[in-house]
Amino acid sequence: NKPQVKISKLSANTDYKIRVCGVNNAGTGPWLLATFSTDSIPPPPITKVYKSIKENQLTISWQVKDKLQEEELFQILHSTDGDTFTPIYEGLDRNFTTSLLPETTYSFKVRVKRDSTDPPEYGPFSQTLLVKL
């Protein structure tokens, strides 16, 4: 039966050093040094994606579950084959407009990107948005 302790309200992506000793009726035990790091909190998920089409112009807009942190931005990826997705937008706007070609099927995904980490961290993709003119 190993002693355990729960420490709450720690900061994400932080290194900690904690000194611990036991105390009982027999006295004070030796000090031990524990070191550990907390993980970063993943970027928030995209909750809803909307589309609006006027002529050959597609506007995509979206909602995100939580408020973005300072170093986070939105990323849109698109595909014309449904398998290979490439980024077409990174920024803070919650909508994006692009031109579409007739008789072409497009797939779009939105996610949050955190640039302050190396490599960058990504939130989960939104549901894939299929569009065909």
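Are Trp62 and Tyr89 buried or exposed? Trp62 is buried, and Tyr89 is buried as well, where buried means under 20% relative accessible area, exposed means over 50%, and partly exposed lies in between (1.4 Å probe, protein chains only).

The structure is a predicted model, in which local features need pLDDT of at least 70 and side-chain atom pairs count only at pLDDT 80 or more, while totals for chains, interfaces and linings use all residues. Residues are numbered from 1 along each chain as its sequence is written, and side-chain values use heavy atoms, with hydrogens and water left out.

## Strands and pairing

Strands are DSSP runs (E, at least two residues), numbered from the N terminus, as are helices (H or I, at least four residues). Two strands count as paired if DSSP finds at least two bridges between them.

An open sheet is built from three strands in the order β5-β6-β9, and its pairing is antiparallel. Its edge strands are β5 (46-54) and β9 (95-99), each of which pairs on one side only. From one strand to the next, the twist averages 20 degrees; axes here are lines fitted to C-alpha atoms, for helices over the stretch in contact, and angles run from 0 to 180 degrees between N-to-C directions. Within this sheet, β5 and strand β6 (residues 57-64) run antiparallel and are joined by eight bridges. Ile46 has Val64 in β6 as its bridge partner.

A further antiparallel pairing joins strand β7 (residues 72-79) to strand β8 (residues 86-91) over five bridges. Here Ile76 stands opposite Tyr89 of β8. The hairpin of β7 and β8 has six residues between the strands, and Gly82 in this hairpin takes a positive phi near 80 degrees. In a regular strand, side chains alternate between the two faces of the sheet.

## Aromatic contacts

Rings of Phe, Tyr and Trp (its six-membered ring) are taken to pair if their centres lie within 6.5 Å; planes under 30 degrees apart count as stacked, over 60 as edge-to-face, and the rest as tilted. Across the whole structure, five aromatic pairs are found. One of them is the edge-to-face pair of Trp62 and Phe74, with 5.4 Å centre to centre and 65 degrees between the planes. Because Trp62 belongs to strand β6 and Phe74 to strand β7, this pair ties together parts that are twelve residues apart in sequence. Both Trp62 and Phe74 are buried.

Trp62 also pairs with Tyr89: the ring centres are 6.5 Å apart and the planes are at 55 degrees, so the pair is tilted. Since Trp62 lies in strand β6 and Tyr89 in strand β8, the parts tied together are 27 residues apart in sequence. Trp62, Phe74, Tyr89 and Phe96 form one aromatic cluster.

Charged side chains also lie over rings, a relation that requires NZ of Lys or CZ of Arg within 6 Å of the ring centre and within 35 degrees of the ring normal. Lys109 lies over the face of Phe125, at 4.7 Å from the ring centre, and Arg111 lies over the face of Tyr122, at 3.8 Å from the ring centre.

## Salt bridges

A salt bridge is a side-chain nitrogen of Lys or Arg within 4 Å of a carboxyl oxygen of Asp or Glu. By this rule the count is five, including those tabulated here.

| Arg114 | Glu72 | 2.6 Å |

Arg114 forms a salt bridge with Glu72. Arg114 lies in strand β10 (residues 105-114) and Glu72 in strand β7, so the pair ties together parts that are 42 residues apart in sequence. Arg114 and Glu72 are both buried.

Lys113 is buried, because its relative accessible area is 9%, whereas Glu90, at 38%, is partly exposed. Salt bridges that share partners join Glu71, Glu72, Arg114 and Glu121 into one network.

## A loop proline

Pro42 is placed in the loop between β4 (32-37) and β5. With 57% relative accessibility, Pro42 counts as exposed. Pro42 and Pro124 are 82 residues apart in sequence, and their C-alpha atoms are 8.9 Å apart in space.
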